[in-house]
Amino acid sequence: MAKKQDTTSVEAPIIDARIPAGPLAEKWSNYKAHQKLVNPSNKRRLDIIVIGTGLAGASAAASLAELGFNVLNFCIQDSPRRAHSIAAQGGINAAKNYQNDGDSVYRLFYDTIKGGDYRAREANVYRLAEVSNNIIDQCVAQGVPFAREYGGLLDNRSFGGAQVSRTFYAKGQTGQQLLLGAYSSLSRQIGKGAVKLYSRYEMLDVVIVDGRARGIIARNLVTGKTERFSAHAVVVGSGGYGNAFFLSTNAMTSNASAAIQIYKKGAYFANPAYAQIHPTCIPVHGEYQSKLTLMSESLRNDGRIWVPKKKEDAEAIRAGKLKPTDLKEDERDYYLERRYPAFGNLVPRDVASRAAKERCDAGFGVGNTGLAVYLDFSDSIKRHGEATIRARYGNLFQMYDKIVDENPYNTPMMIYPAIHYTMGGVWVDYELQTSIKGLFCIGEANFSDHGANRLGASALMQGLADGYFVLPYTIQNYLADQIQVPRLSTDLPEFEEADKAIKSKIEKIMKIQGDRTVDSIHRELGLVMWDFVGMGRTKEGLEHALEKIKEIRKTFWTKVYVPGQSVDMNSELEKALRVADFIEIGELMARDSLMREESCGGHFREEYQTPDGEALRNDEEFSFASCWKYNGEGEAPTLLKEPLEYEFVKRQQRNYKA
Amino acid sequence: MEKNINVTLKIWRQASPKVKGEFISYKMDNVPTDSSFLEMLDVLNERLLKERKEPVEFDHDCREGICGMCSLYINGHPHGKDGGTTTCQLHMRRFSNGETIVIEPFRSAAFPVIKDLRVDRSAFDKIIQSGGYVSVNTGGAQDGNAIPISKIDADEAMDAASCIGCGACVATCKNGSAMLFVAAKVSQLSLLPQGKVERAARAKAMVSKMDELGFGNCTNTGSCEAECPKSISISHIARLNREYLNAKFTD
């Protein structure tokens, strides 16, 4: 019997994730067998708001509508198909073991726990691995054109942090194809009238009535007016907060505002320090740059990463006097293969990123800035032929060529780490419910499954797991108690008050009329984040960042300039509202990083490392998810802890060497 | 190698759908050739803000050529004259010093202008909603390897499925036809066994919705294929025509 499924219990001082009892492999089955359900005639009477149309949002909205609920689905772009999940390149993991290479649900679970540096919940991760196989089946049934072998069966590739080939892919456009699959299911429900779509809308606040999430305030981005929507439950699938760094691989509109607003309404924000720096991005090239472009991790299957062995050679390359192809094999340092013989170029992302930074900091970096390393395909092209490499990565090579103006078939790519994904997010329990009743959080926006580092091809898996196979069950356990609740009027004082607060915040920003553009403040924040809350963090640096962020907040609220009218299409106002929240999340990231006096996964405190430069965890003191509770403007948030108990896996120092 | 160029922009400005729009000229000096076209517009907007003027509204999001949000008509070509490129992947090194660059929204009866260079492409969503899917609910799908699919069919379906829904095909077509967009989806799903069950109903529903929404007819000029940033072949239009005729004959 699943324990503590009572959704009415009040907040506990120690955070309880309400994990069902029983053996690891039976928890989810047990939960499903005993949870409360809503009968079909009652589902029609229940409204659910879903924020976001990425993999998590679209799959949840479609699945909930298929079950019979009324769904209101919001997206910031002009179409649900444009959500940033579309840009995921490499693939999606599943424990199918089609390759007969020893994979299993347990091994996927174990690799994900280990990859997350033992900072994720065992029960969540096991459930994720368990439903991974259903996702592949579901996507194939939708007509997702996964790569296939000549015999007609699904093809797989390997990805960082795993020794099996469990990654399913569709060229270098896996995210696109999975998202379009979810979008097609969503479109079917929109066509049937089961989902009402609101595109070019942005959620600006959640409305709480009697302690439960009962609606949202959203801004219509075309008219600029705020509008009120009520529902029996609210689901936030608005993605991660990587754009706090200004330069990241996120899309331009990817933002943290929905997450920050619900945090300010009482939802805990967990592990904000855990941000993923992806090792294979195209290096920064100019001050006008607006975003960074990822080159899929799958490239590490066939590409070898290196820098010159001798500093003189690196200097000559930086000065343009030497070409990488001039260097002979023994003049190159394949540093990942050297340091991590067992995993080589396929070490997890955090390890690969830090190793690149280490080499560049030591003076071996290439490119005109010295902040780049080579990703070289010449060996693979020799082994497999150019046609094979083109078939595998053609679109990525073309993308690189367009941006950098160099042909990677002839000369090695240059890559450098960049902010890519955020493992931290809104705290949720086993049911994906936040600390506010009736408010759920899915996909990258929540914190649940990746611990301190996410393995490649796991984000697509988690987004779709949450939306297709977890939330449609768990939300019913909550809604079963809500069938008597009528549709609430949006004239209730709670809606009135939330709407008024948003309007006055907007007017406050419009009235500043200062001399700083929104982007200039965002860039300033991004530099502080990258320099002090990026790949190498120190106590002094983080304290400095907290001071700097305070100044940036002051600059924003006294000097920002937003032209035009608030009740009109106004992209500067949209950006300003988002940057105000990036400042909040930036501060929370720095605060969490300062608190966590250990290194784990993507969080690397330079004071805490092993003699050979690896992350040094402190399980005695920091084996918990940090949950930050908002205490009001200008007040420090309270730290609450969800203890992470490892019942089934023995924690060890991660080892990718042997 | 990076260098700087000077260009003159002639940009379509239109405050709202109902008011008349016009071209406004902006001189841009010292534009780094390594910057992207959209980054060049960011620089222009920063300058306009410094001059206390309203920036140019344009759609963009992923800036890596996959979301399909960017939609500029540049010097008479959707996404500019380079083949296989979205506006966000276009770089200033493709332009020459002293050049005048005309920037318009994607124009078509079915894509009304919202503001400046932003247009409403929700008609594309409505077409997909009319049948661009396999009717399968979540759960209960059989094993992904239960039906082998020939690699040739899967690869061709993938080529069709790489459509990003940007609308360049409509914007460039003298008839404002959405045939390439519709064909890409119909073709993808009719190539796969999972999509074959509903192929007749799908082709009819999507074509009829396309007509209803004010898109024009296809006269096989091939400009859609030439301008498609994902180089989707008009052979998919031939397949759509076959699917549609078959569906009609079996009625």
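Start with the two domains of chain B, whose centres, taken over C-alpha atoms, are separated by 29 Å. The model on screen is a predicted one.

**Stop 1: the two domains of chain B**

Select residues 4-115 of chain B for domain 1, then colour 122-137 together with 146-249 for domain 2. Look at where the two meet: 19 residues of domain 1 of chain B and 16 residues of domain 2 of chain B take part in the contact. On the domain 1 side of this contact in chain B, the residues sort into eight nonpolar, ten polar and one charged.

**Stop 2: chain B as a whole**

Now select the whole of chain B. Along the principal axes, the C-alpha atoms of chain B fill a box of roughly 60 × 40 × 35 Å. Of the 251 residues in chain B, 54% are buried. For contacts in chain B between residues at least 6 apart in sequence, 71% link residues at least 24 apart.

**Stop 3: where chain A meets chain B**

Show both chains. The contact between them involves 63 residues of chain A and 65 residues of chain B. Several helices of chain A each supply at least two residues to the side that touches chain B; to find them, select α3 (55-67), α5 (122-142), α6 (174-192), α12 (386-404), α13 (459-479) and α17 (571-595). Which helix of chain A gives the largest share of this side? It is α6(A), with nine residues. Coloured by class, the side of chain A that touches chain B has 23 nonpolar, 26 polar and 14 charged residues.

**Stop 4: the two domains of chain A**

In chain A, select 277-419 for domain 1 and 493-639 for domain 2. Their C-alpha centres lie 31 Å apart. Seven residues from domain 1 of chain A and seven residues from domain 2 of chain A make up the contact. On the domain 1 side, helix α10 (residues 349-361) of chain A gives the most, with five residues. That side of domain 1 of chain A has two nonpolar, one polar and four charged residues.

**Stop 5: a sheet in chain A**

Next, pick out the strands of an open sheet in chain A. Five strands form this sheet, in the order β11-β15-β14-β12-β13, and the pairing is antiparallel. Which strands of chain A stand at the edges of the sheet? They are β11 (275-281) and β13 (332-333) of chain A; each has a single partner strand, so one side of each is left without a neighbour in the sheet. Strands of a sheet pair through backbone hydrogen bonds, in a parallel or an antiparallel way.

Zoom in on β14 (residues 373-376) and β15 (residues 413-422) of chain A, which run antiparallel and are joined by three bridges. To see one residue pair, select Leu375(A) and its bridge partner in β15(A), Met413(A).

**Stop 6: Lys43(A)**

Finally, select Lys43(A), which is in helix α2 (residues 40-43) of chain A. Is Lys43(A) buried or partly exposed? Lys43(A) is partly exposed, because 19 other C-beta atoms lie within 10 Å, while a buried residue needs 20 or more. Leaving aside residues up to four places away in sequence, Lys43(A) touches Val38(A), Leu67(A), Gly68(A) and Phe69(A).

Definitions and conventions
Residues numbered from 1 in each chain as written. Chains lettered and ligands numbered in written order. Predicted model: local features only at pLDDT ≥ 70, side-chain atom pairs only at ≥ 80, totals over all residues. Buried ≥ 20, exposed ≤ 12 C-beta atoms within 10 Å, placed from the backbone. Helix = DSSP H or I, 4+ residues; strand = E, 2+ residues; numbered from the N terminus. Domains from an automatic or database assignment. Nonpolar A, V, L, I, M, F, W, Y, C, P; charged D, E, K, R; others polar. Pairing = 2+ DSSP bridges.
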